[in-house]
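Student: Could you walk me through the charged side-chain pairs in this structure, and then the strands and loops around them? I'd like one connected account with the cut-offs spelled out.

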Amino acid sequence: MRDGARRRRVRRLAMGGAVVLALTGMNGPWVYRFSTERYHQYTIDKPEYKAANGHWDIVRFPERYRLNTIHAALLHTGKVLLVAGSGNNQDNFDAKKFDTRLWDPVEGTVRSIPTPADLFCTGHTQLADGNLLIAGGTKRYETLKGDVTKAGGLMVVHNENPDKPVTLPAGTRFTGKKNGRTFVSKDPVLVPRAKKVFDRATGAFLRNDPGLGRIYVEAQKSGQKYQTGTQDNYRVRGLTGSDARNTYGIAQKLALDKKDFQGIRDAFEFDPVAERYIKVDPMNEARWYPTLTTMSDGRILSLSGLDEIGQLVPGKNEVFDPGTRKWTYTKGIRQFPTYPAVSLTQNGEMFYSGSNAGYGPDDVGRDPGIWNVATNKFTRLPGLSDPTLMETSGTVLLPPAQDEKYLVVGGGGVGESRLSSRRTRLIDLKDRNPRFVDGPELEKGTRYPQSSILPDDTVLVSGGSEDYRGRGASDILQARIYRPSSNTFDRVADPLVGRNYHSGSILLPDGRVMFFGSNPLYADKADTKPATFEQRIEIYTPPYLYRGSRPALGGGPKSVARGGSATFTSAHPSSIRTARLIRPSASTHVTDVDQRSVALDFERTANGITVTVPKNRNLVESGWYMLFVTDGRGTPSRARWIRVP
């Protein structure tokens, strides 16, 4: 209570000083503005203000190292991987200029990393061995309606032959039986053989269900006259005999409509020690905007995304085995919007909050629920407020992770909607019948909020915008600390940089939080001046680092098994109140399913503490963690890196 009262008192003093300055500033608007800014800077630099509200600083890289950061991940070396790919810049894409940077926040160094594919809008997650798995990315940039010159779209190729599959090369021509128009495929396609269907009771043969392949096709020439308005069957040119009879295409309208981004199947691991990408087997499905998250058995689940023809992957999810580095499909079909917020629960199932970041129909896969991947059973969860405003909302597993409570923050309407939500929602998965309830309201409707777990069991929530991609100069220059223990927000120091689309935040090993990216559409309130990508990185130093000395840990092992214990030295073990394992973040598009803070039991010794790691592998997934301890004031130590095998 005393800390909260002090924060409010400092904020009132700052506001009161600004009012006095306004009353005395009689030398014109420029002098007033200059004086106000000087006084504001003086106020936020005061030690008592920092101790109550924290402080923001901008990191300025040398110009040659700046990039449009779309993805960021903290590595167990303490360095941060900053991935742009083509950086939402089609000129870079056309020139095959793909960027990755490796930043050392301690040494202040930055180096370029050769980037093997366009990892723009990819998916990523931490692996048990400390590598970062990266899968998907960009095959083609979107083309807006009006810029499309050749009619095109989806062709579904049917194969009615039950004895063999059919492979059609890129450049295959499809001619409509009714419309007579010819369209050409852009890529090769493998069409599986037909499936024989028998009567279960009698065993009698009933029919062949054709194998299906999906391919993007385009008119041979430009112009509106090559569009089609209705569905048609298409003959595959170049086939003869039974192949010609058994293989054909069906397409709906092939038109000059907007063409969405297309995904790639490529997958890589980034090795933090060798500091390079390692190619692994590609996914079965191309994916742009996918989510990658760890399952109970340690394999990685890859969900959703736009495929190689720019359509939402039709519910065909797959898993990556880190041992074999190969992909297999999951059982059944389960469709989600792109970048769904899906994470592992303590009973081994997957929780989907309903948060997502962009593409997909407004009536497909948007209900929150618990998903059993093995059986494909999905149990919907009730009570979600503003259920139609969940796109671009953020979801975070509240600390400590043992409580299994989630916070869902803000969100907006589907697509380029101007609607945004002020709601926060809470759900306790340990309840007998879990349901969402409303948490404290935000001051403004907020899309793209950034949320980072802190070592003192609070969550920093910052930034975002009221409108789609910050339209109308709607960036929210506010930050708050959410306290799960009291279900309240405390306003803290305001960030210096607006953050909306393509932004994120990551907890650093020293207890500070870094913020990256932002990709607004416009730079003015009237939405007339095109904006530029925000390349500056900003660091927030929380109030707990302005309270004098901090606890420290020394010695100890670098690896602790689940259920095992480890002893670390500390000069003042009696001052330690909590110990936490925090999983490093991998963040993009308001999606960070990796971060979690696990409470550790500990005992004080004469020269330090002995911590014990929980046994549940669904709670403590294999991998590297930051070990923090905090004192009675909530001040954290610098992290020690610990691997849980």
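Tutor: Arginine 207 is partly exposed, with a relative accessible area of 42%. (Buried means under 20% relative accessible area, exposed over 50%, and partly exposed in between, with a 1.4 Å probe and protein chains only.) Please keep in mind that this is a predicted model, in which local features need pLDDT of at least 70 and side-chain atom pairs count only at pLDDT 80 or more, while totals for chains, interfaces and linings use all residues. Residues are numbered from 1 along each chain as its sequence is written, and side-chain values use heavy atoms, with hydrogens and water left out.

The partner of arginine 207 is aspartate 209: their side chains meet in a salt bridge, 2.9 Å from N to O. The term stands for a side-chain nitrogen of Lys or Arg within 4 Å of a carboxyl oxygen of Asp or Glu. Side chains of opposite charge can pair when their charged atoms come close. Aspartate 209 has 30% relative accessibility, so it counts as partly exposed. By this rule the count comes to 37 salt bridges.

Another pair is lysine 326 with aspartate 281, whose closest N and O atoms are 2.8 Å apart. This pair links distant parts of the chain: lysine 326 sits in strand β25 (residues 326-329), aspartate 281 sits in the loop between β21 and β22 (291-294), and 45 residues separate them. (Strands are DSSP runs of E, at least two residues long, and helices are runs of H or I of at least four; numbering starts from the N terminus.) Lysine 326 counts as partly exposed because its relative accessibility is 46%, and aspartate 281 is partly exposed at 33%.

Next comes aspartate 467, which forms a salt bridge with arginine 418, the closest N and O atoms being 2.6 Å apart. Here too distant parts of the chain are linked: aspartate 467 lies in the loop between β35 (459-462) and β36 (479-483), arginine 418 lies in the loop between β31 (405-409) and β32 (424-428), and the two are 49 residues apart. Aspartate 467 is buried, with a relative accessible area of 8%, whereas arginine 418 is exposed at 54%. There is also a network of salt bridges that links Arg422, Arg423, Asp438 and Glu441.

Glutamate 391 gives us a buried acidic residue, since its relative accessibility is 3%. Its place is the loop between β29 (377-380) and β30 (394-397). The side chain of glutamate 391 makes a polar contact with the side chain of arginine 366 at 3.1 Å. (A polar contact is a pair of N or O atoms within 3.5 Å; within protein, one must be able to donate a hydrogen and the other to accept it, and residues adjacent in sequence count only if both atoms are side-chain atoms.) A polar atom of the side chain of glutamate 391 also lies 2.7 Å from the backbone nitrogen of glycine 415. Beyond four places in sequence, the residues that glutamate 391 touches (heavy atoms within 4.5 Å) include Asn356, Gly411, Val414 and Arg447.

An open sheet is formed by 4 strands in the order β6-β7-β20-β21, with antiparallel pairing. Strands pair if DSSP finds at least two bridges between them. β6 (123-126) and β21 (276-280) stand at the edges with a single partner strand each, so one side of each is left without a neighbour in the sheet. From one strand to the next, the twist averages 25 degrees, where axes are lines fitted to C-alpha atoms (for helices over the stretch in contact) and angles run from 0 to 180 degrees between N-to-C directions. Strand β20 (residues 267-271) is joined to β21 by 5 bridges, and phenylalanine 268 has lysine 279 in β21 as its bridge partner.

For a buried strand, look at β40 (residues 537-541), where 5 of its 5 residues are buried. In a regular strand the side chains alternate between the two faces of the sheet. In β40, Ile537, Ile539 and Thr541 lie on one side and Glu538 and Tyr540 on the other, and all are buried. Antiparallel to β40 runs β1 (residues 55-59), joined to it by 5 bridges, with aspartate 57 paired to isoleucine 539. Strand β39 (residues 513-517) is also antiparallel to β40, through 3 bridges, and there phenylalanine 515 stands opposite glutamate 538.
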